Amino acid sequence: MKKMAVEAIYRRPNTSKAAADHKIYPYLLRKLPIVRPNQVWATDITYVPMARGFVYLIAIVDWFSPRVLSWRLSITVETDFCVEALKQALTRFGTPDIFNTDQCSQFAGAAFTSILLREKIAISMDGKGAWRDNVIVERLWRSVKYEEVYLHAYASVPDARTSPRHDHQQTLHL
């Protein structure tokens, strides 16, 4: 299907809706050498298909390693689970110099950006529709989906969380 540029037609959730009143920050990573841990963290939201519907997954990744620092599943795309993941990563690993996100409302809104600004973390945002600006997290999503999600059709969120490959340390397995 990929070679033929054919894609299945089904309803997918939109995880990248921007809000008109949110501040959009410049992309700070262009040609920036990433040379140490906690220099740049990045995040994104994807969806995980379930037997009935889907759930949303956020991961916060250190670009240097690229280690998953924190992640959360949510049945809604509200900002709360994103803020929880951010707070956990900051508590466990300190603060990065730069935090890169896309321009979606969960990351551009005050609930998320106020934490970054309070911690004096520079905010970087991908260009509109520029998935390559956050390629580290996009690679993670590809691995998570092809190596875990698509191989284990989860019936429920608890099933996903108790997957036999569940591991909090280095990699993200639901």
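This is a predicted model: local features need pLDDT of at least 70, side-chain atom pairs count only at pLDDT 80 or more; totals for chains, interfaces and linings use all residues.
I'll start with the overall layout. The protein chain has five helices and five strands. In sequence order they run β-β-β-α-β-α-α-β-α-α. The chain has 174 residues, and 44% of them are buried. If you take the contacts with a separation of 6 or more, 63% are between residues 24 or more positions apart. The accessible surface is about 10,000 Å², and carbon and sulfur atoms account for 54% of that.

Now the interior. In soluble globular proteins, nonpolar side chains tend to be buried together. Here the largest nonpolar core has 25 residues, and the ones touching the most other members are Ile60, Leu86, Phe99 and Phe112. Which elements supply at least two residues each to this core? They are β1, residues 40-49; β2, 54-62; α1, 80-93; α2, 105-108; α3, 110-118; and β5, 122-125. The largest share is from α1, with seven residues.

Take Ile60 as an example. Setting aside neighbours within four places in sequence, its contacts include Trp41, Ala42 and Thr43, then Arg67, Val68, Leu69 and Ser70. Ile60 also contacts Ala85, Leu86, Ala89 and Phe99. Apart from this core there is another one, of 24 residues, and Trp141, Val144, Val149 and Tyr154 are among them.

Next, the cysteines. A disulfide is a covalent bond between the sulfur atoms of two cysteines. Seen from Cys104, the nearest cysteine sulfur is that of Cys82, and Cys104 is in no disulfide either. Cys82 is at 0% relative accessibility, so it counts as buried. Cys104 is buried too, with a relative accessible area of 1%.

On to helix α4, residues 135-149. Its 15 residues reach 20 Å from the first C-alpha to the last, close to the 21 Å expected at 1.5 Å a residue. Which residues of α4 are buried? Ile136, Val137, Leu140, Trp141, Val144, Lys145, Glu148 and Val149. Looking down the helix axis, these buried residues fall within an arc of 165°, so they line one face of α4.

Last, the backbone. Most residues other than glycine have a negative phi, and most peptide bonds are trans. There are some exceptions to look at here. The peptide bond joining Ser65 and Pro66 is cis, with omega about -25°. Pro66 sits in the loop between β2 and β3. Lys31 is not a glycine, yet has a positive phi of about 60°. Lys31 is in the segment before β1, and at 83% relative accessibility it counts as exposed. Asn38 is also not a glycine and has a positive phi, about 65°. Asn38 is likewise found in the segment before β1.

Conventions:
Residues are numbered from 1 along each chain as its sequence is written. Side-chain values use heavy atoms; hydrogens and water are left out. Helices (H or I, at least four residues) and strands (E, at least two) are DSSP runs, numbered from the N terminus. Buried means under 20% relative accessible area, exposed over 50%, partly exposed in between (1.4 Å probe, protein chains only). Contact means heavy atoms within 4.5 Å. Accessible areas come from the Shrake-Rupley method with a 1.4 Å probe; for residues, only the protein chains shown count as cover. A nonpolar core is a set of buried Ala, Val, Leu, Ile, Met, Phe, Trp, Tyr and Cys residues joined through side-chain atoms within 4.5 Å. A disulfide is a pair of cysteine sulfur atoms within 2.5 Å. The expected span of a helix is 1.5 Å times one less than its number of residues. The arc is that of the directions from the helix axis to the C-beta atoms.
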